[in-house]
Amino acid sequence: MASRLLRVAFCMAAVSAAGAGWPSVASAQVANFHPCNAQPALPICQHGYGRRVAAMRWGAPPEPLDPDAAAKAPLATRDPAGEIEKLKSTTIFVEDMDTSEVLFARDEAVVRPIASIVKLMTALVVVDAGLPMDGMITIDASDVDVPSELPSRLAAGARLSRADLLHLALASSENSAAHALGRTYPGGMTAFVEAMNARAAALGMGDSRFVEPIGLSNENVSSARDLARLVYAASRQPLIGEFTTDAQYSIDGRTFHNTNMLVGRPRWDILASKTGTTREAGDCLVMMVRLGGRNLAMVLLNAQGLSGSRFGDAVRLRRVLDSRVAAK
């Protein structure tokens, strides 16, 4: 009984620390990334965060995949209302960006942390600046020491082009790549963050605020309505669209996979996308998709449930939208 209470205490302490912003998260993760998953003998934490770390590091059993996120999940339904009842995301928003017609909305005005969705704004700022994409950047200690659950896959001293860093930041959500892009911006990180917020203002993203280019801070916030504008703007940049929709990318003999498991699947025409995950933000996904001849921004924030529920929700939403088109 005492051992079980100790585990719960560890878990609750980690959750509490996560809500306090970047510094508290960093201090909670210095040694073991997440107290609930620090040892293979401990059960996987009930709130689920760190499960991927446990599976990677110690062979803990992975969480079952949401069945609607599976590769062979059907894309048709005769029960749209039933699909809507199964949606796991707290915030959902689908808008036709050509006509401004809202096709689905749930808590779309709620302002909340957005995790690595931030990297879409990071990419916009880099592309807007017209910096040379073939310029070489050396990864330094500050890039790899960002407070993340998963260690950097780029080593300090590695030299990559700006294009490679942008590709890694977008497709595989590599934190050190995003940090390096901000650090080497003219004027440094302070100027980069100012440019992020200026770009948000120019897009009319009145609910949004950015404090760093990675997405680990809970002070990076936005609403689903704002994020629809962001992913639409990102999709209008060919380089960002290309990088976010590469299923995998190889560099220096290493292969990096896209964090969006829908990218590359048949019958999905994805124009731009980005995932994000932190304890406070939950599992998030934004996409621009071409569906039924329409350019749709799809925003899913704070998905709950089994692994891949944000992708399962995207499938469920597609079934609902397809059924509405078929009914006309």
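Reader: Where is the place of S173?

Author: S173 is in the loop between helix 7 (162–171) and helix 8. Helices here are DSSP runs of H or I with at least four residues, strands are runs of E with at least two, and both are numbered from the N terminus. The model is predicted, so local features need pLDDT of at least 70 and side-chain atom pairs count only at pLDDT 80 or more, while totals for chains, interfaces and linings use all residues. Residues are numbered from 1 along each chain as its sequence is written, and side-chain values use heavy atoms, with hydrogens and water left out.

Reader: Why is S173 called buried?

Author: Its relative accessible area is 15%. Buried means under 20%, exposed over 50%, and partly exposed in between, with a 1.4 Å probe and protein chains only. At 15%, S173 therefore counts as buried.

Reader: What is the phi of S173?

Author: It is near 55°, a positive value in a residue other than glycine. Most residues other than glycine have a negative phi. D252 also has a positive phi, of about 55°, and is not a glycine.

Reader: Why is D252 called exposed?

Author: D252 has a relative accessible area of 69%. That is over 50%, so D252 is exposed. This residue lies in the loop between strand 7 (248–251) and strand 8 (254–257).

Reader: What makes Y185 and F192 an edge-to-face pair?

Author: Rings of Phe, Tyr and Trp (its six-membered ring) pair if their centres lie within 6.5 Å; planes under 30 degrees apart are stacked, over 60 edge-to-face, and the rest tilted. By this rule the count is one aromatic pair. Y185 and F192 stand 5.1 Å apart, centre to centre, with 80° between the planes. The distance is within the limit and the angle is over 60, so the pair is edge-to-face. Y185 is buried at 16%, and F192 is buried at 0%.

Reader: How do you know that the charged end of R318 sits over the ring of W268?

Author: The test asks for NZ of Lys or CZ of Arg within 6 Å of the ring centre and within 35 degrees of the ring normal. The charged end of R318 is 4.9 Å from the centre of the W268 ring, and it counts as sitting over that ring.

Reader: Which residues of helix 9 make the contact?

Author: F192, A195, M196, R199 and A200 do, against V118, M121, T122, L124, V125, V126 and D128 of helix 5. Contact means heavy atoms within 4.5 Å.

Reader: How do you know that helix 5 is mostly covered?

Author: Nine of its 11 residues are buried. Among them are K119, L120 and A123.

Reader: What makes A200 buried?

Author: Its relative accessibility is 2%, under the 20% limit, so A200 is buried. Leaving aside neighbours within four places in sequence, A200 is in contact with M121, M205 and F210.
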